[in-house]
Amino acid sequence: MSSRLFKSLALTQIPRAVASASARPAIARVAWQQPVFTTTATRFYAKSKDNKKKSNESKAAASADQEEEEFVRQFNEKQMQEKYEKQISQLKEHLSVMRMGRANPSLLDNVRVRIEHSHFSLKDLAQVTVRDPQTLLVTVHDADYMSAVDKSIREAGLNLNPIIDNKVIKVPIPKPTKESRDKMAKLVSTTGEQAKHKVRSLRQDGMKQLKHDSKHQSADEIKKLEKTVQNLTDKYNKSIDELLKAKIKEIQS
């Protein structure tokens, strides 16, 4: 009897142990399948993204501040006006040597002499003096350049016909005729057009400078300065016209 009782108890305990043993792995699997780290990983990614965004914003702000500090305006109204004035002064100087019928050394001031592949001012190569009221004398420092100087004077558009005489070049100043006056007037007009071309170039430079400055200046301010540039251009073009008119009148009279 005791033997049967033992066997019965043993058989009863075995299924419980088996059931208990089989239940434990199931619980462990359920616990393992829980997304324990999912939330933590997601938060870490979001935080990293926010930090990166803030870093980019900080860099952009720093770059903008640096650019603002380094910006220098290119347009300067005073400097531009000085450039216009310089063109007018040069034109006056050129017109002053365009005289009819009288010998004056300044008549040859603008003559350029071509030697090999370079151009030189006549004043650097020779001395110009007055022989008489109708004749200039050009003494060339180096005799090898005599022919080049003679050719340059002849082709300067001054209606002059130099003559090589031993070691000097004589430049007779012709008495003014209608033909010579017309040629001189034409030369004056050409000189004036060259001056206007330079004025237009200055205007273009000013507009380019304002286009650069528009990145850091208001549209109203840029528009106002553009109008200033145009007014300066009109003013100095008018001055050129007045100088040309007066000079042509002087030549034709």
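1. Start with where the largest pocket sits. In this predicted model, domain 1 (77–99 + 177–252) and domain 2 (105–172) both contribute residues to the lining of the largest pocket, so the pocket lies between them. Its volume comes out at about 480 Å³.

2. If you want to look at the middle of that pocket, 20 residues line it, and the closest to its centre are Asn 110, Val 111, Arg 112, Glu 155 and Ala 156. By element, β1 (112–115), α5 (146–154) and α6 (178–213) are the ones that give two or more residues to the lining of the largest pocket. The largest share belongs to α6, with four residues.

3. How many cavities of 30 Å³ or more does a search of the whole structure find? The search turns up one, and the volume of this largest cavity is about 110 Å³. There are 13 residues in the lining of the largest cavity, and Arg 99, Met 100, Leu 158, Pro 174 and Met 184 are the closest to its centre.

4. Which domains supply the lining of the largest cavity? Domain 1 (77–99 + 177–252) and domain 2 (105–172) each give at least three residues. Sorted by type, the lining of the largest cavity holds seven nonpolar, four polar and two charged residues.

5. On to the helix pair. Two packed helices are described by the angle between their axes and by the distance between the axes. For α6 and helix α7 (residues 219–252), the angle is about 170 degrees and the axes are 10 Å apart. An angle over 145 degrees counts as roughly antiparallel, which makes α6 roughly antiparallel to α7. In the contact of α6 with α7, the residues divide into 14 nonpolar, six polar and eight charged. Keep in mind that α6 also gives four residues to the lining of the largest pocket.

6. In the model, the span 215–242 is 86% helix and 0% strand, and its end C-alpha atoms lie 38 Å apart.

Methods: Residues are numbered from 1 along each chain as its sequence is written. This is a predicted model: local features need pLDDT of at least 70, side-chain atom pairs count only at pLDDT 80 or more; totals for chains, interfaces and linings use all residues. Side-chain values use heavy atoms; hydrogens and water are left out. On a 1 Å grid over the protein atoms alone, a cavity is a set of points where a 1.4 Å probe fits but cannot get out, and a pocket is an open set with protein on both sides within 12 Å along at least five of seven lines; lining residues have an atom within 4 Å of a point. Grid points are joined across faces, edges and corners, and a volume is the space filled by probe spheres set on the points. Ala, Val, Leu, Ile, Met, Phe, Trp, Tyr, Cys and Pro count as nonpolar, Asp, Glu, Lys and Arg as charged, and the others, Gly among them, as polar. Domain bounds come from an automatic or database domain assignment. Axes are lines fitted to C-alpha atoms, for helices over the stretch in contact, and angles run from 0 to 180 degrees between N-to-C directions. Angles under 35 degrees count as roughly parallel, over 145 as roughly antiparallel, 65 to 115 as roughly perpendicular and the rest as oblique.
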